[in-house]
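Hi everyone, thanks for making the time today. I'd like to walk you through one model, strand by strand, and then look at what surrounds the ligand. Let me put it up on the screen.

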Amino acid sequence: MTIFLTGSTGFLGGKLLNNLLETTDHTLYVLVRDIKKAERLIAGLSGDVENRVRLLHGDITKPLCGLDDTDIQALSGNVDIFYHLAALVKFDEELRDELFAINYSGTEHALELAKLLQAKQFLYISTAYTVGKRAHGVEELYPIDANVHNPYEESKVKSEHLALSYADHMDVSILRPSIIVGDSETGEADSEFTLYGFMRALDVFKRRIARSADKSETIYHVLGSKQSTSNLVPVNYVADVLAVAAKKAQPNTIYNITNPSPATNYDILTLIKNALDFHQLEIIEHAEPGTLTAKEEKLNGMISVFNAYVSRSFNFDDDNTQQLIEGTNVKHLNMPEATLKMIIEAYFEVSEQK
Ligand SMILES: NC(=O)c1ccc[n+]([C@@H]2O[C@H](COP(=O)([O-])OP(=O)(O)OC[C@H]3O[C@@H](n4cnc5c(N)ncnc54)[C@H](OP(=O)(O)O)[C@@H]3O)[C@@H](O)[C@H]2O)c1
């Protein structure tokens with residue numbers, strides 16, 4: 001089979017590429033905007049990379065992802081599965097235009113390209129957080145005008161509708177991971193976003209405090225809900241489910257790739273505090289205006305884009321995913337606290353070496 005991928009130089013895409021190389025003998029066409037970066041990535045992969053991985057230069061913000069005519073002709077009628085992962089994973093309102101150019105128009109260009117190439121199957125990687133401001137995540141489309149927290153979620157809600165509107169041209173399925181964290185075996189994570197953006201901000205704040213004249217044991221408050229949970233999934237689990245989807249995903253079906261037993265924010269912050277050796281952080285549910293110190297305001301400003309996710313719980317159905325992996329060697333996710341601890345510690349070990 002021939003598989004086409006976007007987003008392979010990213011955190012999840014790199015893991016998926018490796019997985020497909022190791023577990024299949026398919027030929028992998030990888031659309032990248034930075035050939036040098038992609039060459040460095042594939043140099044680190046094992047297996048028959050030379051014969052099985054073909055790099056294509058492109059950019060999803062351009063029509064037909066900027067592929068040239070020669071590549072289009074060579075691939076026409078030859079693509080079995082099109083994985084579309086490329087996206088911008090940032091939540092800031094100021095990035096709205098860029099988020100829509102990459103996530104929404106980029107998805108439209110990927111769908112048009114897949115249609116032109118007569119791809120048989122299109123697997124769109126969305127996010128479980130298209131759930132927006134609802135508390136319960138279902139494996140169905142949410143309304144196109146769903147109430148969401150930020151332009152990232154909005155771009156993904158709209159892209160899901162767009163993807164399924166191509167169902168007359170190819171089989172379309174949507175895969176929705178929750179917050180992706182490091183590998184459950186090694187802790188390794190090539191990400192700066194979501195939980196990693198949050199941890200980096202706390203690390204930066206700790207270093208600032210250490211450099212300042214304030215040597216007291218002042219407690220700094222982080223706004224959030226202690227008993228609410230954050231839904232974290234290891235990147236290798238997500239890649240395993242995506243690999244199974246190539247064989248078994250049903251058309252017009254949505255799969256939440258989520259954690260059935262998510263940890264509480266209190267437990268997650270405790271693990272982060274221990275790994276950082278910074279015990280002056282505490283969660284508070286609410287602060288009256290003017291009651292946070294200037295340093296606390298600064299800290300909460302640094303992590304404000306995450307507030308929507310740490311101030312409440314979401315729970316997600318994942319029955320479709322459970323059915324998808326049934327009878328395969330991918331087991332339904334069970335992430336014990338020890339695994340999460342190892343993943344968090346791995347991040348700070350790497351960041352200390354930088
Ligand atoms: N990380 C999470 O927690 C999370 C959770 C749920 C869903 N997801 C979804 O999973 C997918 C992968 O996320 P990730 O965490 O792996 O993101 P990532 O590490 O930021 O990777 C994004 C990928 O998209 C590529 N890309 C961005 N703009 C592009 C463009 N204009 N043309 C071509 N390629 C472009 C990047 O290429 P460069 O290397 O050139 O930048 C990179 O390969 C996304 O669709 C995301 O929405 C992620």
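Predicted model: local features only at pLDDT ≥ 70, side-chain atom pairs only at ≥ 80, totals over all residues.

Let's start with strand β1, residues 2-6: 4 of its 5 residues are buried, so the strand is largely enclosed by the rest of the structure. Buried here means 20 or more other C-beta atoms within 10 Å of the residue's own, while 12 or fewer is exposed and in between is partly exposed, with C-beta atoms placed from the backbone.

Residues are numbered from 1 along each chain as its sequence is written.

Now, what does β1 pair with? One partner is β2, residues 27-32, in the parallel sense over 5 bridges; pairing requires that DSSP finds at least two bridges between the strands. Within that pair, Phe4 has Tyr29 of β2 as its bridge partner. Between β1 and β2 the chain passes through helix α1, residues 11-23, and this β-α-β crossover is right-handed. Right-handed means that, with the strands pointing away from the viewer, the path from the first strand over the helix to the second runs clockwise.

β1 also runs parallel to β4, residues 81-84, with 4 bridges joining them. There, Thr6 stands opposite His84.

Zooming out, we have an open sheet of 7 strands, paired in parallel, in the order β3-β2-β1-β4-β5-β7-β12. At the edges are β3 (53-57) and β12 (253-257), each with a single partner strand, so one side of each has no neighbour in the sheet. From one strand to the next, the twist averages 20°. Axes are lines fitted to C-alpha atoms, for helices over the stretch in contact, and angles run from 0 to 180 degrees between N-to-C directions.

Setting aside residues up to four places away in sequence, Leu16 touches Tyr83, Ala239, Leu242 and Ala243, where contact means C-beta atoms, placed from the backbone, within 7 Å. Leu20, also placed in α1, counts as buried with 25 C-beta neighbours inside 10 Å.

Finally, the ligand. Of the 29 residues around it, Thr9, Gly10, Leu12, Ala86 and Ala87 come nearest; near means a C-beta atom, placed from the backbone, within 6 Å. The elements giving two or more residues to this shell are α1, α5 (96-116) and β8 (179-181). Which gives the largest share? That is α1, with 3 residues.

Conventions: Contact = placed C-beta atoms within 7 Å.
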